[in-house]
Amino acid sequence: MSPAPAPAALRPPLRVALAGIGVVGGGVVRLLEANRDLIARRAGRAVEIVALSARDRHKDRGVDLSPYRWEDDLGALVTAGDVDVVVEMIGGADGMALTLARQALTAGKALVTANKAMIAHHGLDLARIAEERDTPLKYEAAVAGGIPVIKAIREGASANQIARVYGILNGTCNYILTQMERNGASFADALAAAQAEGYAEADPTFDVDGIDAAHKLSILAALCFGTRLDIDAVTANGIRNLIAADIREAEALGHRVRLIGMAERDGSGLYQHVQPCLVPADHPLAYVPGALNAVVAEGNFVGRLFFEGAGAGAGPTASAIVADIIDIARDEYGPAFAMPVDALDAAPAADAGARVGKHYVRLIVEDRIGVLAEIATAMRDAGVSIESFIQRGTDEEQGVVIAIVTHEGPARAVAAALGILAASDHVVGTPMHMPILAL
């Protein structure tokens, strides 16, 4: 019979160093201060910040940092004898963040990070170091912000074989799509609104081109399917080419447009794709508004699990970071990806073109005789069967909007048809192609 754990008052405090004191770092400081007593009771010991480090010591962060030791050298957080946990909030897949992460784990310090790019690109390497040193590597805040989806899948659903995992993984894109949906805004105007509200960066490339969501999807896929992280196998198509007409047509078809990250493993390999999709109006993802995130995981015994909440921001991200710190204080940790690195499979990438389903295609064409026949011929020659074919008149691109819904068929056939039409002098701009999500 194992001895009862020591009371919180008798256990030494867990000593934490924070690297990178931006919006999220300030949130972590505020949360640890505001809920100090509650956290100690839940963790079984006090959690104390002992050191901080960031590029600008004198920047006003809206929180009093004077009680804590400041280190100008990030490496001092690793070598300090009074640091048990290093919290990395610097960001970026490589550079200082990766160097700090490797040094901390090698030194036997627990590592907590919100850095999805670093985990997606270097998570296996970091997990291996953590296993060798028997020290925790925790990254709840790297995926879906304050939603505890990593813990739920890694622990709560660990007995299940996951059939697929998918969801809305980028709040910026979801905010833009919500603006287009509710206000009839163009993509450019909706993006400007997102930037004005602080949801989008001045350079929104990582968000609107699906790169941020791809990082998160690769992490979820590794966790759900027991496969090695392979960010290069994730294909990503963003929302830049959406126009207001796409939102209207989706609504007319009883759907809404959402940027969906989807991972699914079958006999041919692992499918990982981020792309805008038409989501049926009665699917829970269709009702996720604004900058929220949502994740769906389908287990063979538990069924469908649905997680929704704030995917970014100081409070939600800090909540996930401190939850990881509490787990470490309780000595609750295991392999970073639910099983040892050597047990993870190297699954081949599945053929995305072989996936069968219905598809939405939108074209803007010149108003000329014979254009519709040209489109129909291209679809026929590529082996695409058309379910509906709608012409709506002109749009902001000064052409005729054609919206097509296909019967079920392979994605490669639709891609082939669009390849044929790309050579046409009568097609204006870039066509839009979106799978229709099946329930």
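Predicted model: local features only at pLDDT ≥ 70, side-chain atom pairs only at ≥ 80, totals over all residues.
Residues are numbered from 1 along each chain as its sequence is written, and side-chain values use heavy atoms, with hydrogens and water left out. Helices (H or I, at least four residues) and strands (E, at least two) are DSSP runs, numbered from the N terminus.

Two strands are taken to pair if DSSP finds at least two bridges between them.

Alanine 51 has arginine 69, in β3, as its bridge partner. Strands β1 and β2 also pair in the parallel sense, over six bridges, and leucine 18 stands opposite leucine 52 in β2. Because six of its seven residues are buried, β2 is largely enclosed by the rest of the structure. Here buried means under 20% relative accessible area, exposed over 50%, and partly exposed in between (1.4 Å probe, protein chains only).

A second open sheet also comprises six strands, in the order β8-β10-β9-β7-β11-β12, with mixed pairing. Its edge strands are β8 (235–236) and β12 (303–310), each pairing on one side only. Strand β11 (residues 292–299) is antiparallel to β12, and eight bridges join the two. Among the residues involved, valine 295 has phenylalanine 307 of β12 as its bridge partner. Helix α11 (residues 244–252) packs on this sheet through contacts with β9 (255–266) and β10 (269–280), and its direction lies at about 80 degrees to that of β9.

A search of the whole structure finds two aromatic pairs. Rings of Phe, Tyr and Trp (its six-membered ring) pair if their centres lie within 6.5 Å; planes under 30 degrees apart count as stacked, over 60 as edge-to-face and the rest as tilted. Tyrosine 139 and phenylalanine 337 form a tilted pair, with 5.3 Å from centre to centre and 35 degrees between the planes. Tyrosine 139 lies in the loop between β6 and α6 (149–156) and phenylalanine 337 in the loop between α12 and β13 (356–357), so this pair ties together parts that are 198 residues apart in sequence. Tyrosine 139 is buried, at 3% relative accessible area, and phenylalanine 337 is buried at 1%. Tyrosine 175 and tyrosine 199 form another tilted pair, their ring centres being 4.5 Å apart and their planes at 40 degrees. Tyrosine 175 belongs to helix α7 (residues 171–183), whereas tyrosine 199 occupies the loop between α8 (187–196) and α9 (205–208), so the pair ties together parts that are 24 residues apart in sequence. Tyrosine 175 is buried, with a relative accessible area of 12%, whereas tyrosine 199 is partly exposed at 38%.

Charged side chains also sit over tyrosine rings. A charge is placed over a ring if NZ of Lys or CZ of Arg is within 6 Å of the ring centre and within 35 degrees of the ring normal. The charged end of arginine 256 sits over tyrosine 287, 4.8 Å from the ring centre, and arginine 355 lies over the face of tyrosine 271 at 3.8 Å.

The search finds zero disulfides, defined as pairs of cysteine sulfur atoms within 2.5 Å. For cysteine 173, the nearest cysteine sulfur is that of cysteine 277, 12 Å away; cysteine 173 is buried, with a relative accessible area of 0%.

Isoleucine 420 lies in helix α14 (residues 411–422) and is partly exposed, with a relative accessible area of 43%. Isoleucine 420 touches Ala378 and Asp381, residues up to four places away in sequence not being counted.

Notes: Contact = heavy atoms within 4.5 Å. Axes fitted to C-alpha atoms, helices over the stretch in contact; angles between N-to-C directions.
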